[in-house]
Amino acid sequence: MTVTAVEPELLTRITGDEKHSPSAHSTLDILWVLYDRVLRVSPETADEPDRDRFLLSKGHGPAAYYAVLAAKGFFPVAWLDDLAGPESRLGHHPDRVLIPGVEIGTGSLGHGLGLAVGTALGLRAQGYDETRTFVLLGDAELDEGSNHEAIAYAAATGLPLTAIVVDNQSATHGWPGGIASRFVGWGVSVVDGRDHTALEAALMPRRDRPHVVIAVVEPKGS
Amino acid sequence: MRETFVATTTALLEEDPRTAVVLADISADAFAPAMRRHPDRVINVGIREQLMTGVAGGLALTGMRPYVHSYAPFAVDRAYEQIKLDLGHQDAGAVLVSIGASYDASAEGYTHQSPGDVALLDTLDGWTVHVPGHPDEVPGLLRAAAHHDDRVYVRLSSQQNSRAHPGTELKVIRRGRTGAVVVVVGPLLDAALEATRDLDVTVAYTHTPRPFDTDGLRALRPAEVVMVEPYLEGTSSRIIAAALADVPHRSLHLGVSRTEERRYGSPADHARWHGLDAAGLRRSIAGFLG
């Protein structure tokens with residue numbers, strides 16, 4: 001039972017030929033809560049140096065991401081009608097150079113968390129203490145070892161950073177012991193990834209050390 | 001050259017608030033004073049080269065100018081996809097500064113050597129490559145890189161020539177009367193000059209093989225080109241072929257062989273084994289020119 005202000009029409013317009021549709025929808029509620037309630041960023045402030053940063057590491061299945069950005073006015077809704085066409089700015093993986101509001105270009109898994117660590121460090125070094133950095137990963141993406149370099153470093157240095165792992169149980173070998181146990185030294189919230197109130201409660205508080213929000217949604221393919 | 005790099009970058013940290021240094025333990029001791037002074041901008045991520053490069057990309061996306069440093073095999077070979085995606089694909093820049101080069105770490109073995117670093121960067125768009133041949137060439141290159149956001153690779157070596165040659169263009173060191181041109185990159189210049197002492201050839205030098213000074217080479221009207229490079233042999237063959245596509249010429253490309261030596265010894269030993277000492281270069285060049 002999804003309650004979202006993203007008009008269903010927007011998703012319909014984009015998902016006609018969407019490549020990875022199940023995972024696309026796994027992120028819809030998280031993205032809506034972020035852009036509607038949490039992030040201090042808008043089309044008008046998309047290039048301001050002190051804007052909040054949201055990095056979509058899990059770049060595959062970006063339909064929900066595109067729908068939310070379009071709903072929030074970062075680019076024209078009409079762009080949704082030509083996903084991955086020869087003249088389209090919207091591909092099966094997002095490209096920051098082509099899409100207003102997109103902070104990083106992703107697709108190859110395991111790159112967003114490292115970029116987020118660098119982003120948080122860069123913001124801190126420049127005194128943007130009010131600016132927050134968020135990064136969204138998939139549970140299967142955690143298989144990539146590069147994530148674990150970033151997880152361990154952020155914990156060791158107490159870097160304020162919010163990671164969100166959308167858990168739809170898509171990792172081939174699973175995560176015995178749970179995803180939270182991989183984030184040693186991080187604060188952890190485990191929430192229903194469809195519950196807007198719970199998502200907001202987990203994402204809104206500012207913290208002075210790294211925090212991971214594990215957003216549990218239906219298993220992939222269910 | 002490493003000491004010059006540390007001193008110059010430490011000064012840049014002082015002068016320019018955009019400057020950041022990202023390390024993966026290598027040279028962390030040398031940067032300890034700078035880290036104490038600028039704890040937010042001298043970042044040692046530990047032995048994590050993927051993260052080192054990702055952090056550089058993130059810093060650049062916030063408007064900073066990261067100098068990223070490690071041994072060449074770790075800075076380039078190991079983190080190749082991060083270089084491709086976390087920098088290039090993000091349209092972000094960084095200054096990658098490596099040590100170790102092809103076989104400076106001769107006693108450490110092949111794990112600590114990267115003859116292929118420049119060839120790897122040649123697969124990517126927009127990289128300027130500096131291969132200084134003398135410590136005095138290093139500060140200017142590092143300082144110039146602070147003034148823009150492009151992608152720059154600075155390949156430092158413990159091998160060096162007896163004197164520095166500033167300027168990124170192809171510089172004629174000795175002019176011959178024939179159409180034979182020996183183009184030498186970085187620290188192999190002294191060996192190449194000795195190798196060609198009594199040969200009637202033009203010897204030209206550059207510490208900046210990318211972008212290669214194509215106009216400078218064409219202006220020499222070469223009929224024979226010998227490239228002498230301190231990294232993988234043939235790395236510049238594509239560039240030279242394109243530069244002289246409409247000019248009848250013969251070419252010879254000398255550099256580090258693909259064959260793993262599986263021997264230790266000194267850098268001088270490796271230079272000899274790869275035919276990059278004066279005697280080996282003379283043998284190859286004289287044989288080619290006939």
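Analyst: A salt bridge here is a side-chain nitrogen of Lys or Arg within 4 Å of a carboxyl oxygen of Asp or Glu. This is a predicted model, in which local features need pLDDT of at least 70, side-chain atom pairs count only at pLDDT 80 or more, and totals for chains, interfaces and linings use all residues. Residues are numbered from 1 along each chain as its sequence is written, chains are lettered from A and ligands numbered from 1 in the order in which they are written, and side-chain values use heavy atoms, with hydrogens and water left out.

Asp246(B) and Arg218(B) form one such bridge, at 2.8 Å, N to O. Asp246(B) sits in the loop between helix H10 (237-243) and strand S11 (250-256) of chain B, and Arg218(B) in helix H9 (residues 214-219), so the pair ties together parts 28 residues apart in sequence. Helices (H or I, at least four residues) and strands (E, at least two) are DSSP runs, numbered from the N terminus. Asp246(B) is exposed, at 56% relative accessible area. Arg218(B) is partly exposed, at 34%. Buried means under 20%, exposed over 50%, partly exposed in between (1.4 Å probe, protein chains only).

Next, Asp198(B) meets Arg282(B) at 2.6 Å, N to O. This pair links distant parts of the chain, 84 residues apart: the loop between helix H8 (189-195) and strand S9 (202-206) holds Asp198(B), and helix H12 (residues 278-289) holds Arg282(B). Asp198(B) is exposed, at 56%. Arg282(B) is partly exposed, at 31%.

Arg143(B) and Glu15(B) also pair, at 2.9 Å, N to O. Helix H7 (residues 138-145) carries Arg143(B) and helix H1 (residues 2-15) carries Glu15(B), 128 residues apart.
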